[in-house]
Amino acid sequence: MNAPTPALVASRPERLRLVGQRRQILTMMHQRLMFGLLVYAGIIALIALRILYLAAFGDHAGAKRGLTALIPERGDIVDRDGVPLARTMDAWTIGLWPNKVIGDKLELARSLARLMPERDEAAYFAMLRSGKNFFYLRRRAAPGVVEAVNALGEPGIALEREPDRLYPQTSLAAHVIGYTDIDGHGVAGMERAFDKKLSDSASRGEPLQLAISSRIQQALEHELLFAMTKFSAKGAAGVVMDIHTGEVLALTSLPQLNPNAAGQGSMEARFNRATLGVWELGSTFKPFTVAMAMDSGIIKNFGKMYPCPREYPAYGRVIHDTHPYGRACSVAEIMKESSNIGSAQIAAEVGAARQKAFLDKLGFLRKSDIELLEKTKPLRPRDWTSLDTMMIGFGHSLAVSPLHLASGYATLFNGGVYRPPTLLKVDRSHATGKGHRVFTEDTSYKMRSLLRLVVTEGTGKKADAPGYRVGGKTGSAEKYENRSKLVTSFAGVFPMDEPRYVMVMMLDEPQALPETYGFRTAAWNVGPAFGQAVSRIAPMLGVRPDKSREPDMSLVLPYVHEDAKH
């Protein structure tokens, strides 16, 4: 009988012990691996959360904080068709920490003077040795300059990004858009007027949409600049307005201003002649005088006669006409040949009280209602004497801006209702301004033929644009501060058979040319520029040329005598 093998019995417990130890080791290794994976995942999660935190709440170049980093620093400004007029972008700022400079300061000063020559080597060296903490060397630096400065490898030079305002259309509508200062605050134009809205985090995500049309603005600026250059004028201004909504489709002032470098512009360039400048605008006022008389029951039709001698004494003054009749003349003839003598007599019949009341309702005795802050109050007579009343009748003794004049013509030809001018596009978010009646509809209708007569047969012939039925009035007035200098203007409406748009153009101190036979009045300079501008702008506004359409000229033609037609 064989005996059992003791070795086999003894080895079983040992094997079980080894298996248990192996299991413990595997379990521990699994736990450590899981712990390591959790730690790794936790680190990844922390990094991701940190990135998200910095994106939403981080400080970028010391400027973007909070959730507002996800919207622009300042709202865009666009024209009525969405064309960008002002935008905010990141720009480079170059700074200097003198105490952190480790290289040769004299050599660094030489390099900085070479790359940024607005300061010389001595100025940079003085900065480096000043002991001050920080200097701005250049803000809104070009990328090429930033790259060259960075290549110097100096730790004491700081390169940071900050928001910068860019005007992609450069000088186009510069006096409307305005500009900001180095810190991004509006200091002129709509940038200033809507500074709070453009910078408020609650509203700056939506662009500020203007009534301005870039295409119409460009055409108006081009024609005005051409006339200003041709006649060596000191400046110019122009306005195009929708007479039914009050929307200003174009507004310009010359000399031109580049808002991207506004600080480099002259005082003449920064001055807004269209809204801030006021002038006696001469005979362009005469249609208001006639309309006041019609609404007051003084003029029943354009055939009413007034004495029109070659000279007319009035309260110690003598009133003259450029084209004297030397006989009695009708209201139609007074307007056709722009008679000061006839207009003064009509104004005298209206009287000071009624004249002031009409002018007040037209907005001619207060600042314009436009959104811009660059505007001034018209200059009015202190005592408003009987002589002042007569002088205002033909555009003297009261100084207004070109925008005032445009608003007045819009009122006169839109049916007689004054509506405040606006630089904001009229839509669901911005309704047409509340208006008030100034002239009757009947007067507004009849005045169409009278102003069309001025262009077809009178002093405004050179302002006509074939097919577009222009009606309007020339104006030439001596400057108050220097009577040897003129301001010439033309205020007109088109198409006159169904008025839709008003345009005013003005030249400041135009000079005579041989081709104008020594004349420097409106009929010879701003009048032709007006006609050329209408020919360009009217098609953009959907006005089609049509030589078969005219206002009812039977209201005026019977009252123009044969000798006044030539």
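Visitor: Where is T229 found in this predicted model?

Guide: T229 is found in helix 8, which spans residues 214–230.

Visitor: Why is T229 called exposed?

Guide: T229 has a relative accessible area of 56%. Exposed requires over 50%, so T229 is classed as exposed.

Visitor: Why is S339 called buried?

Guide: The relative accessible area of S339 is 1%. Buried means under 20%, and S339 is therefore buried. S339 belongs to the loop between helix 11 (331–336) and helix 12 (340–350).

Visitor: What makes the pair of S339 and I341 a polar contact?

Guide: A polar atom of the S339 side chain lies 3.4 Å from the backbone nitrogen of I341. The cut-off for such a pair is within 3.5 Å, and the distance of 3.4 Å meets that cut-off.

Visitor: Why is K367 called partly exposed?

Guide: K367 has a relative accessible area of 45%. Buried means under 20% and exposed over 50%, with partly exposed in between; K367 is therefore partly exposed.

Visitor: Why does W384 count as buried?

Guide: The relative accessibility of W384 is 6%, and the limit for buried is under 20%, so W384 counts as buried. W384 is found in the loop between helix 13 and helix 14. Although W384 is not a glycine, its phi is positive, at about 55 degrees.

Technical notes: Residues numbered from 1 in each chain as written. Predicted model: local features only at pLDDT ≥ 70, side-chain atom pairs only at ≥ 80, totals over all residues. Heavy atoms only, no water. Buried < 20%, exposed > 50% of the residue type's maximum accessible area, 1.4 Å probe, protein only. Helix = DSSP H or I, 4+ residues; strand = E, 2+ residues; numbered from the N terminus. Polar contact = N/O pair within 3.5 Å; in protein donor to acceptor, adjacent residues only side chain to side chain.
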